[in-house]
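I opened this entry to record what I looked up in one structure. The notes follow the order in which I checked things.

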Amino acid sequence: MINIRDIIYRLFIGSWLQRFFPNITRNNYWTRFQLQDFTSAEWENLCDGCGLCCLYKFESQGGNKIEFTNVACRLLDCRTCQCNHYEARKKIVNDCVKIDLQLLNERAYWLPSTCAYRLLFENKPLFDWHHLISGDRNTVHDKGVSVRGWVIPETEVQEHEIQNHIIEVEQQ
Ligand code: SF4
Ligand code: SF4
């Protein structure tokens with residue numbers, strides 16, 4: 001429920017922070033503030049680095065089912081699970097999808113159910129392996145949540161064969 005304090009915060013302090021201190025991250029911000037009130041640094045820091053959103057996927061007609069594959073975007077480093085050209089990614093990969101509030105509002109289901117953005121959007125807590133909880137960016141890999149070790153780059157697969165690489169990823 002939004003109260004008068006939230007409205008004042010959003011109208012004044014939130015936009016002021018975003019404008020003058022976009023690089024600031026506040027203590028336990030993911031539990032204290034709404035996604036729309038995050039600074040740019042807080043938003044970026046929320047990503048758990050799993051790499052699941054960088055896999056090829058198929059969406060059923062009507063959009064209620066997403067099938068993931070084990071084929072990764074050509075810019076994904078399959079070992080670190082990081083994008084090799086994050087800042088310029090949209091210029092290199094036209095259909096790279098930016099994770100923002102609009103995407104969450106329109107199709108949060110497109111993201112894996114473990115995705116930190118989707119979890120907060122759905123008012124769910126982060127998992128204990130998330131680096132903001134564990135304090136360690138490796139726990140997402142140690143727990144086997146990330147794509148490390150089981151995906152192949154799209155450069156190794158013929159485009160018409162990608163549909164043969166559908167895998168099971170927990171979806172809700
Ligand atoms: S699925 Fe979500 S948490 Fe994982 S890399 Fe993509 S945006 Fe980050
Ligand atoms: S361009 Fe980068 S961020 Fe976008 S899908 Fe590819 S690896 Fe992921």
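I began with burial: of the 172 residues in the chain, 21% are buried. The model is a predicted one, and I read every value below with that in mind.

**Elements.** I counted eight helices and six strands in the chain. Written from the N terminus, their order is α-α-α-β-β-β-β-α-α-α-α-α-β-β. For contacts with a separation of 6 or more, I noted that 55% join residues 24 or more positions apart.

**Strand pairing.** I then asked which strands pair with β2. Strand β1, residues 55-59, pairs with β2 in the antiparallel sense, over four bridges. In this pair I found E59 opposite I66 of β2. Strand β6, residues 166-167, is also antiparallel to β2 and is joined to it by two bridges. There F68 has I167 of β6 as its bridge partner. Strand β5, residues 152-153, runs parallel to β2, again with two bridges. A72 stands opposite P153 of β5.

**F58.** I looked up this residue in strand β1. Is F58 buried or exposed? F58 counts as exposed because it has 12 C-beta neighbours inside 10 Å, and 12 or fewer is the cut-off for that class. Setting aside neighbours within four places in sequence, I listed its contacts as E67, Q163 and I166. I also checked F58 against F68: the two are ten residues apart in sequence, and their C-alpha atoms are 6.5 Å apart in space.

**Core.** Next I went to the largest nonpolar core, which has 24 residues. Which of its residues touch the most other members? They are L55, A72, C115 and V147. Two elements give two or more residues to this core: β2, residues 66-72, and α6, residues 116-121.

**Positive phi.** I made a note of two residues other than glycine with positive phi. For C81 the angle is near 70 degrees. C81 sits in the loop between β3, residues 76-77, and β4, residues 82-83. C81 is buried, because 22 other C-beta atoms lie within 10 Å. For N123 phi is near 60 degrees. N123 belongs to the loop between α6 and α7, the latter being residues 131-134. Why is N123 classed as exposed? It has 7 other C-beta atoms within 10 Å, and the cut-off for exposed is 12 or fewer.

**Ligands.** Last, I checked the surroundings of the two ligands. Ligand 1 has 13 residues around it, and the closest are C47, D48, C50, C53 and C115. By class I recorded ten nonpolar, two polar and one charged residues in this shell. Around ligand 2 I found C54, C73, L75, L76, C83, R89, V93 and C96. How does this shell divide by class? It has seven nonpolar residues, no polar ones and one charged.

Note on methods. Residues are numbered from 1 along each chain as its sequence is written. Chains are lettered from A and ligands numbered from 1 in the order in which they are written. This is a predicted model: local features need pLDDT of at least 70, side-chain atom pairs count only at pLDDT 80 or more; totals for chains, interfaces and linings use all residues. A nonpolar core is a set of buried Ala, Val, Leu, Ile, Met, Phe, Trp, Tyr and Cys residues joined through C-beta atoms within 7 Å. A residue is buried if 20 or more other C-beta atoms lie within 10 Å of its own, exposed if 12 or fewer, and partly exposed in between; C-beta atoms are placed from the backbone. A residue is near a molecule or strand if its C-beta atom, placed from the backbone, lies within 6 Å of it. Ala, Val, Leu, Ile, Met, Phe, Trp, Tyr, Cys and Pro count as nonpolar, Asp, Glu, Lys and Arg as charged, and the others, Gly among them, as polar. Two strands pair if DSSP finds at least two bridges between them. Two residues are in contact if their C-beta atoms, placed from the backbone, lie within 7 Å.
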